[in-house]
Amino acid sequence: MKKIAVVEGDGIGHEVIPVARKVLEALHPEFEYFMVEVGYGKWEQTGCPCADQEIADLKTADAVLFGAVTTPPMKDYQSVVLRIRKALDLYANLRPVRGNGFDIMIVRENTEGLYSGIEEFSSDRATTLRVVTRAGSERIVRSAIRLVKERKGHLTIGHKANVLKSDVLFRDVCRSEAKEAGIEFNDRFIDALALDLLQHPAAYDVVVTTNIFGDILSDVASYLVGGLGLAPSANIGDRYALFEPVHGSAPDIAGRNIANPIAALRSAAMLLSYLGDHEGASRVEVSLDRVLTLGIRTRDLGGCAGTREFGDAVLREICRE
Ligand code: NAD
Ligand code: IPM
Ligand code: MN
């Protein structure tokens, strides 16, 4: 029996995750689901956004379904989602962007780069160390290469090696692994790539890049599919896996039943694929498409369905199959 840790987090995490959880429960009532509370709300209540116990609890799960957490820009507050990604060594952040005529998989390095956590702060000068290692680059590009082979596609390496020595290493490791694997590949500067991805999405397949570039690129690329409300992601390591929307806690719309739950539902579909239930994953995707075809949409897509109403419509389609 599979154990699924469910983390709502903060803000719209409390709205979109219950929708995704209901769908998982409909497809897999035999799974054990347990809640883990972390986030800014928890910090406000207890002074600690995520304790060692919560990390230990997450490690007991076969997969984690995660909403979003609020990370206030305060210099002493550590982002909970970054802590979890590091603690579970979830080094590969997979962010698919699929639409009419294009199917892109952004593979974002998830543990180092500008997110090394090696920082200094004073009122006059602050530094963040951008760490790129051979081992870190090898394991992320190998994940990307596996996907290229599965998808019978090609690889684009996104970097800024014209300016950053750290990206000279990243690019060179990626190139040499891709060459050795015998796959088709090219590389591009990340700034030009970001625009070209929007202009010619069909020219891309798997895109591998460093941590913050992948963060920004995935928000930008979600424009191709209708915005952040639709973009899912998987965080995969060798032992653990966590599935979450690309979007954050969206405090501007939280608590109003207007958030789009599609990103969370698609993240749940990725969770099912990871656990080997490809049929369940495709049932979620197909049901979502049918609901959209019926014209049922949340406000970000020009409709008037609420988060819960959209979720109920998806559940009806799933149960009809
Ligand atoms: P955000 O992704 O929360 O929101 C950006 C914009 O997109 C907002 O206008 C929001 O209303 C809209 N949006 C996001 N998700 C939506 C949805 N499902 N349906 C409809 N509209 C949606 O980014 P932000 O506002 O920059 O950040 C808010 C908080 O979330 C910050 O504290 C940030 O640090 C945190 N954050 C957390 C995660 C995470 O937990 N993985 C990811 C990104 C941001
Ligand atoms: C994301 C978010 C996180 C990140 C933040 C909230 C730490 O933007 O998951 O895309 O930068 O990875
Ligand atoms: Mn982001």
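**Pockets and a ligand in a predicted model**

Q: Which domains does the lining of the second largest pocket draw on, and how many residues come from each?
A: In this predicted model, that lining takes at least three residues from each of domain 1 (1-90 + 237-321) and domain 2 (92-227).

Q: How much space does the second largest pocket hold, and which residues are closest to its centre?
A: Its volume is about 390 Å³. Ala269, Met270, Ser273, Tyr274 and His278 are the closest to the centre, out of 16 lining residues. Two or more lining residues come from each of strand S4 (92-99), strand S11 (232-236), helix H9 (262-274) and helix H10 (278-293).

Q: What makes up the lining of the second largest pocket, by class?
A: There are 11 nonpolar, 3 polar and 2 charged residues. Ala269 and Met270 are among the residues closest to the centre, and Ala and Met count as nonpolar, so these two belong to the nonpolar class.

Q: What is the volume of the largest pocket, and what lines it?
A: The largest pocket has about 1100 Å³. Its lining has 40 residues, with Thr71, Gln78, Ser79, Leu82 and Tyr115 closest to the centre. Strand S3 (63-68), helix H4 (80-87), strand S6 (119-121), strand S7 (126-128), helix H8 (211-221) and strand S12 (241-245) each give two or more residues. Helix H4 provides the largest share, 5 residues. By class, the lining divides into 17 nonpolar, 11 polar and 12 charged residues.

Q: Why is the largest pocket said to lie between domain 1 and domain 2?
A: Domain 1 (1-90 + 237-321) and domain 2 (92-227) both give residues to its lining, so the pocket lies between them.

Q: Which residues come nearest to ligand 1?
A: Val69, Thr71, Gly248, Ala250 and Asp252 do, out of 20 residues around the ligand. By class, this shell has 10 nonpolar, 7 polar and 3 charged residues.

Q: What makes the pair formed by His247 and ligand 1 a polar contact?
A: A polar side-chain atom of His247 lies 3.3 Å from a nitrogen atom of ligand 1. A polar contact is a pair of N or O atoms within 3.5 Å, so this pair counts as one.

Q: How much of ligand 1 does the protein bury?
A: Taken alone, ligand 1 exposes 800 Å², and the protein buries 69% of that.

Key: Residues numbered from 1 in each chain as written. Chains lettered and ligands numbered in written order. Predicted model: local features only at pLDDT ≥ 70, side-chain atom pairs only at ≥ 80, totals over all residues. Heavy atoms only, no water. 1 Å grid on protein atoms, 1.4 Å probe; cavity = no way out; pocket = protein on both sides within 12 Å on 5 of 7 lines; lining within 4 Å. Points joined across faces, edges and corners; volume = space filled by probe spheres on them. Helix = DSSP H or I, 4+ residues; strand = E, 2+ residues; numbered from the N terminus. Domains from an automatic or database assignment. Near = heavy atom within 4 Å. Polar contact = N/O pair within 3.5 Å; in protein donor to acceptor, adjacent residues only side chain to side chain. Areas by Shrake-Rupley, 256 points an atom, 1.4 Å probe, with all protein chains shown as cover.
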